[in-house]
Each structure stands twice: as C-alpha cells, then as structure tokens.
Amino acid sequence: VNEKFCKTAENLFPDAVDGLRLSVFVGAFFVSGLSRRPAVWYEAIVPNINHPNTRSSYTGWPRHYHISAEWTGKFNIKTAGLYEFWTASDDGSRVFIDGSQVVDNGGWHGIQEKSGVVTLSSGEHGILVEYYQGWGVQGMMLLWKGPDSDDTKEVMPEGSFFSTPLTCPLSCGSHGEAASVPSEGHQWPFVASHEWNGQWAWHDGVTNIKPYELVKSAVWTTKAIYGVDQLRQRTAWALSQIFVVSAAGLDTGLNEMYLSYYDIFVRNAFLNFGNILKEVAFSPLMGKYLTHTGSSSHDYNGFFPNENFAREIMQLFTIGVTKLQPDGSVVRVNGEDVLAYGTADILNFARVFTGFASQHRRHNVEYFWDNRIDPLVVYPERHDMYPKPGLDGTFLGDGFPLCDHVGSFLSKGASFEFVDVVDAVGPSVVVLSNHSALYQLLCLGKGARCEFPVSVTLSEDLACREEECTAGALKMFMVRGAVYRYHPPPCVHFHYNMATLRQSRNVSIASVTQGYCANSDGSAHQGRVLLDNLDEGNTPERREQCTEKCRGFGATACELIWAQASGKNGCFAHTADDQHTTGSGHGYHLCWTYSEFSEDMELGFSYDAGKTNTLCSEETVESSFTDCKKAIKSLGLPLGVPWVGNHDRIVPFCSHGYGRMYFNHGDGKAHGGLQPICKSHILVNQDGDINAGGSTYSVPWADGIAASPGFHLVGARNQPVFDTVPSVEDLRSRLTITTDEPLMVCSSCDGEVKGYEEEGMLTVFESNGFFFRNLESRVYVINSTTSFRNPPVFL
C-alpha cells in the first residue's frame with residue numbers, strides 16, 4: 001500500500017548460521033501449496049531433522065497434533081554424484097532440492113519411508129522439507145545416501161546444514177524516519193510482551209512519560225512544535241481531523257499503532273488524495289474503528305457486509321451527502337437538494353470492503369494480540385464476487401482492460417513486489433537465470449552483489465528466457481535468494497462467462513448402421529454408458545425411445561443392443577469424440593451417429609462453477625454430457641480424462657474437480673472435492689433489479705425494459721458495437737473496456753476519435769489518449785427479448 005516509502009535492508013544476507021530454519025504452523029497441510037502463507041506459530045534454527053515416533057510434542061513445538069512444519073536451508077556437496085534422499089514420516093512429508101521435488105511421501109499414514117534420487121554437483125544446494133501431522137503418533141526424519149555419506153544410508157547429520165538467520169528484510173517508514181536502535185535508549189514506555197500477570201512496559205531507566213496514554217500526544221506535540229517541516233505537520237494534522245479514529249473504539253492503550261496511523265498523513269501530506277484514501281482503507285486502525293476488518297460476503301458466511309466504512313467514506317471523507325456543482329454549490333431539482341448517494345449505494349459499496357483481515361502478528365513492534373501496524377490484506381474467498389454499481393449508472397471496473405488481454409508476467413504493466421529472502425523454494429517459485437532480462441531488473445547493481453528494489457513495474461514487454469518460457473501462471477520468482485511476487489496490471493472479467501451453443505437439443509441423426517459403434521479404425525467405441533437394460537427388440541418404438549434417451553444424455557453416438565444371450569442388452573450412450581463412428585456390422589446391434597452442428601445455432605447458456613459440497617438448483621442442472629463438456633471448456637477448466645458413470649456419492653450430472661470433468665448420470669450428492677457446473681441464472685425483483693449473493697444491484701436493461709420478475713436462465717455473448725467511427729459521446733456511453741495502444745497505425749485518423757482496423761474490422765478506438773476496444777458483452781435472458789450489459793468484476 002505504501003511501497004514508495006519502503007526499502008529493503010542494507011544487508012539482506014547476513015552471515016549464515018549452522019542449521020536449518022524451522023517454521024511450525026497450526027493446521028495439517030503442505031505450506032507451499034497454500035495460496036496465502038499462514039502465521040508462523042513457532043520458529044527456530046535446528047541442527048537437522050531427526051524426530052523419532054512419539055505422542056509428545058517435539059522440543060519447542062507448541063503441540064503434537066494438527067500441525068505443519070517447514071525446514072529451509074542449504075547444504076554443501078563435496079563429491080558430485082548420485083544421491084538418494086528419504087523421509088520417514090507420520091503423516092505426510094516431501095523434499096525439494098534446488099526447487100525440484102525429490103521425495104513425495106504425502107498422504108495420511110503411519111510411519112512410512114519413501115525416497116527419490118537426484119544427481120548433485122559439488123557446491124551449495126538449497127533444500128526445502130515440508131511435513132504435516134494429523135492425530136496420534138507423529139514422526140519425521142530426513143535421511144540420505146551418496147558419496148558424501150560413504151554410500152551409507154543415515155540421518156543427515158548435524159553440521160550438514162546452514163541457513164540465513166531470521167532478519168527483518170523490509171522496512172516501510174515516513175520521510176526522515178530512522179530505524180529504532182534499542183541500545184541508544186528511548187523515553188517512552190513500550191509494551192514488549194503479554195504474560196498472564198499483565199503487560200510489561202519496558203524502558204531503559206530514562207525518565208519515561210506518565211501516564212502511559214499520553215505517549216502519542218507527547219510525540220505529536222514534540223513534532224508539531226519542533227519539526228522543521230511545519231507546513232507538512234499542519235497539513236497532516238488537518239487530514240487526521242478528517243480521517244478520524246478514536247481511542248474509545250480501539251480497546252487498547254497502545255501507542256505505536258497511533259503513530260503508524262498518523263504517519264499516513266505525514267508522508268502523504270503533499271501527495272495524492274487517492275493514495276491517502278487507499279492507505280486509510282487498508283489501515284488496521286480504521287478497519288477496527290469503522291469495523292470493515294472481518295466483514296465478509298454473504299456467500300461466505302451468510303452475514304451481510306458491514307456498512308460503516310462504505311457510508312463514512314462518502315459522507316465524511318469525500319463527496320458528502322448532497323450532490324455539488326463544480327463550483328461547490330448544491331445541486332437542486334424543484335427546489336430540493338439532490339442527494340449524492342442513497343441506501344443502495346451504501347449497500348453496494350459495503351460489498352467492496354469485504355475480505356479485509358489483519359496481517360499476522362510479528363516481531364519488532366509494540367506487542368498486541370493482533371497486528372495493528374501493517375496494512376490489512378484481502379482474502380479473495382471472503383470477498384464479494386458480484387458486480388458493484390458505481391454512482392451515475394456506471395460499474396466499478398469500467399475503464400479497465402480484460403484480464404484475458406493483459407499479457408503474461410513479462411508484459412508491459414506487470415509489477416513485482418519484494419516478499420522475503422529464502423535459502424530454498426518449492427515448485428511454485430521460478431528461479432530466474434542471470435541471463436534473464438527480468439533478473440536484471442530485479443537485481444540492480446554490478447558484480448556479485450544485488451541491490452533489490454521494493455517493487456518494479458515493467459515499462460515494456462520482455463522476451464522470455466529458459467524456464468520463464470514455460471512458467472505458465474506461476475506468481476513467485478526468486479533472484480539470488482530474494483523472492484518477488486508478480487502482480488498483473490489491474491484488470492477485470494465479465495461476470496457472466498460466454499455462453500455455449502444449445503447443441504444437444506438440436507442434434508439430428510446423420511446415419512444408422514448395423515453393429516456396435518466402432519471407431520474409424522474398427523475398434524469398439526470407448527466411453528459407452530448404459531441408459532437402460534431393456535431387451536425389447538428392434539421396433540420403431542424402441543428405436544425412438546433409445547434415441548430420445550441419447551439426445552437427453554447429450555451423447556456423441558447411440559447404440560441399441562437386443563437378444564443377446566449374455567444379457568448385455570439395452571440402450572447405450574457413447575461419449576468419445578471420434579467423428580467417424582459407424583456400425584461394426586454385427587447383428588442385433590444398431591449404431592446411430594449425429595450430424596455436425598450448424599453455425600447458426602441459437603444462443604445457449606452461460607455457466608457457473610459452484611462451491612464444493614454444494615449442488616445446482618433443479619432449474620440450473622446441466623444434464624447433457626455434450627453440453628457439460630462445452631460448459632467446462634467455457635469456464636476455462638481442464639477436461640482431463642472425463643469420468644462418466646453412475647455413483648451415489650458423486651455430484652449428479654455435470655461437475656469438475658481433481659483436474660477433470662465428472663458426469664454422473666444417476667442419483668448423487670454433494671462432494672467435498674467437486675464443483676457442480678450450473679447454468680447461470682438471475683433473480684429479477686419487482687423493480688427490475690437483480691438479487692444475488694445476499695445483495696441487490698441494478699443493471700442497464702436494453703431500451704429500459706427489464707425481464708419479468710422471477711427466475712431466468714441467461715447466456716452472455718460478446719459483440720462489436722460500432723461499424724463506423726463513433727462520436728466521443730457515443731463512444732463514452734457504450735464502450736467500457738480499455739486496452740493497450742495497438743501495434744498497427746490508425747485507419748481513421750481524423751477527428752476526436754481515431755479508429756484502428758484489424759482484418760477489415762474496426763477493433764479499437766482512441767479518444768483523448770485512451771484506447772477502447774470495440775466490444776460490448778451483453779447478457780441475454782433465455783426465452784425473452786431483453787438483455788443487459790455484462791457487468792465487470794475484479795475477481
């Protein structure tokens with residue numbers, strides 16, 4: 001939030017210490033697999049990993065159940081060669097060396113050994129070992145065998161490892177702020193710990209301020225009277241009287257947190273007002289005082305978002321309660337003041353400030369049970385995901401590019417934020433080569449020593465090198481021990497994904513041939529699913545009955561079998577993609593294949609991936625196999641090897657999980673690892689607004705005609721808006737998606753709006769230095785004639 005005032009430590013890599021850095025966490029998981037690193041419960045430097053089976057806690061560990069641990073460090077190889085590593089663990093464990101996984105001993109099990117081999121060169125190698133323990137007996141040991149162990153299998157001994165000591169790699173202060181030097185003393189009490197017998201205010205014998213609560217006033221008074229930057233101090237004081245927090249609402253007499261909050265106004269006194277709003281919104285004090293810390297979406301916990309901060313940010317911090325003219329006078333209509341916002345706006349903006357939570361408690365700050373110094377963080381799973389109308393008919397997110405078009409981590413606009421220094425990493429971190437252009441931007445300076453910037457934003461596209469070219473969607477990168485997190489430029493998604501075509505309802509029979517359904521090479525068609533086991537012959541009525549069932553299933557082919565002594569009779573749907581299916585010629589079988597779908601099919605449905613352990617409502621179930629495949633592709637999910645069957649413990653019909661599609665054509669139930677794939681729908685109220693996720697928001701209906709109140713299935717479609725260069729007014733009223741400057745030159749360059757063509761079609765317009773895509777996404781109400789603009793969302 002205040003990165004421009006942060007700096008990395010002068011000595012990020014102090015002399016190594018013997019042993020591994022151990023971190024212990026609450027919960028049983030592999031830490032490197034989490035989207036957000038949890039709070040460290042216990043940390044220490046330990047000589048090696050040698051914990052035999054026990055039901056007791058290891059030395060220093062807070063407990064022996066439902067915990068996770070991580071060891072990081074380095075070790076030296078004297079003799080290059082082939083090495084084998086083992087973990088003996090209860091429960092799961094794994095080992096990474098130089099970023100590559102060597103041992104995978106995951107799962108829930110008693111003490112179990114697993115190993116892996118790796119060829120190591122002489123010199124230093126980074127090692128990361130992860131472990132988790134559920135209940136009962138625990139145990140964890142790391143063993144090796146190779147040239148440096150005289151080819152003897154043994155626990156990696158003490159003295160093998162070294163690691164970077166625990167440090168504070170990043171500091172974020174204000175203008176002229178100096179680091180604390182405890183040896184030089186201080187003159188105000190500092191809460192250093194919290195014991196059962198109360199707080200301990202540590203000081204060094206210098207006369208300290210009493211009563212304790214006067215500390216913050218004394219510090220401010222000293223700065224205000226003696227500071228040489230009087231204009232800055234007076235501006236900061238004025239700003240603090242607008243963005244008020246009160247001790248009465250914060251339940252503590254601590255002082256450092258108030259000074260940290262006041263620093264927002266000191267360092268931003270002459271900067272952008274928007275920066276102040278952002279820092280205030282992320283301040284843990286403001287989050288506590290106006291209670292948006294901990295506010296979550298209705299979908300997350302069934303509670304409505306807290307409205308306090310959303311109301312005050314408009315009423316007290318910015319626009320006020322009445323609408324104003326540019327000269328500051330009040331806007332009036334029929335003699336009445338026009339309100340700047342209403343209750344609906346407060347409710348919508350309250351959904352913006354959801355998912356905010358305090359960072360984990362840390363060292364080197366005044367002690368308290370939670371972190372009231374560092375900026376709040378946002379947990380995406382707790383944040384409201386639904387569209388949020390702005391003021392005057394806009395949506396929050398208008399004017400941003402689509403995330404599908406912002407490029408990769410090497411594209412212009414990508415930014416990188418310093419996170420920490422580490423000795424070893426897991427598979428989710430890309431280790432950059434010193435030949436990389438990105439490496440050169442993150443490692444400033446000359447020679448072997450790097451100066452690591454707090455953040456870097458790419459001003460141009462970079463070419464990929466080596467491992468970067470296959471990094472995919474990874475977001476963490478390491479440069480000589482420093483880890484950076486990648487942030488794409490701000491961008492949006494359309495709330496409703498693009499609709500598929502209604503294929504299974506309009507399929508027609510292309511051919512009927514005798515025999516079982518075979519592939520083009522004559523082999524039996526794979527993916528056959530039993531729809532019924534009736535043996536009713538080959539009558540016209542039976543054929544119609546079977547083909548109707550296949551249509552309903554959404555099959556790629558259909559097979560009828562009768563009069564088989566083996567009893568394997570019935571109607572079967574086929575799920576393979578082979579377009580050349582035909583009958584094999586065998587008797588007592590018929591095979592139907594279906595025609596290609598035409599290009600002028602009517603619009604189908606948009607889809608949502610529901611939460612695990614939930615089911616689609618009856619109206620939104622996708623019961624067609626073919627349309628299920630299309631739905632999953634439209635959501636950008638991998639098909640994998642589709643599972644098709646009949647199981648009472650699998651989500652009924654269409655779902656996704658474990659990297660593949662599931663289609664259960666029988667009764668089933670919700671599943672903890674599967675997301676149901678449901679047709680998108682809206683609930684329209686009497687005012688034409690949409691109810692979703694515990695919220696109500698308005699949308700711009702076509703010609704002002706809303707869909708009838710009630711439940712409706714919907715499908716979204718992207719389409720161009722203009723076939724000629726529009727006026728500025730028309731452009732601003734219809735186009736909301738921005739983009740980068742096109743590579744081609746403008747084709748229509750006269751006037752206030754310039755047009756850019758691609759393959760004979762206008763694709764981009766330029767107005768006042770901004771570039772807009774000639775694109776509008778509309779959501780069509782199925783079985784209705786109306787539609788509305790597809791709103792943007794950030795998550």
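**Exercise 1. Is cysteine 450 buried or exposed?**

*Solution.* The model is a predicted one. A residue counts as buried when its relative accessible area is under 20%. Cysteine 450 has a relative accessibility of 12%, so this residue is buried. The same cut-off is then applied to cysteine 443: its relative accessible area is 9%, and therefore cysteine 443 is buried.

**Exercise 2. Determine whether cysteine 443 and cysteine 450 form a disulfide, and give its handedness.**

*Solution.* In general terms, a disulfide is a covalent bond between the sulfur atoms of two cysteines. The test used here asks for sulfur atoms within 2.5 Å. The sulfur atoms of cysteine 443 and cysteine 450 are 1.7 Å apart, and the two residues form a disulfide. The next step is the torsion about the S-S bond, which is about -75 degrees, so this disulfide is left-handed. Applied to the whole model, the distance rule gives a count of nine disulfides.

**Exercise 3. Describe the disulfide of cysteine 546 and cysteine 571, and state which elements it ties together.**

*Solution.* First, the distance: the sulfur atoms of cysteine 546 and cysteine 571 lie 2.1 Å apart, and the pair forms a disulfide. Second, the elements: cysteine 546 belongs to helix H10 (residues 540-553) and cysteine 571 to strand S32 (residues 570-574), so the link ties together parts that are 25 residues apart in sequence. Third, the handedness: the S-S torsion is about 85 degrees, so the disulfide is right-handed. Finally, the burial: cysteine 546 has 0% relative accessibility and counts as buried, and cysteine 571 is also buried, at 0%.

**Exercise 4. Show how the buried residues of helix H10 are placed around its axis.**

*Solution.* Begin with the dimensions of the helix. H10 has 14 residues and reaches 20 Å from its first C-alpha to its last, close to the 20 Å expected at 1.5 Å a residue. Next, identify the buried residues of H10, which are Arg542, Cys546, Thr547, Cys550 and Phe553. Viewed down the axis of H10, these buried residues fall within an arc of 125 degrees, and therefore they line one face of the helix. On the other side of H10, Pro540 and Glu541 are exposed. Just after the helix, glycine 554 takes a positive phi of about 80 degrees.

**Exercise 5. Locate the disulfide of cysteine 628 and cysteine 654.**

*Solution.* The sulfur atoms of cysteine 628 and cysteine 654 are 2.0 Å apart, and the two residues form a disulfide. Cysteine 628 is in helix H11 (residues 625-634) and cysteine 654 is in strand S37 (residues 653-657); the pair links distant parts of the chain, 26 residues apart. The link is right-handed, with 80 degrees about the S-S bond. Both ends can then be classed by accessibility: cysteine 628 is buried at 0%, and cysteine 654 is buried with a relative accessible area of 2%.

Notes
Residues numbered from 1 in each chain as written. Predicted model: local features only at pLDDT ≥ 70, side-chain atom pairs only at ≥ 80, totals over all residues. Heavy atoms only, no water. Buried < 20%, exposed > 50% of the residue type's maximum accessible area, 1.4 Å probe, protein only. Helix = DSSP H or I, 4+ residues; strand = E, 2+ residues; numbered from the N terminus. Expected span 1.5 Å × (residues − 1). Arc of directions from axis to C-beta.
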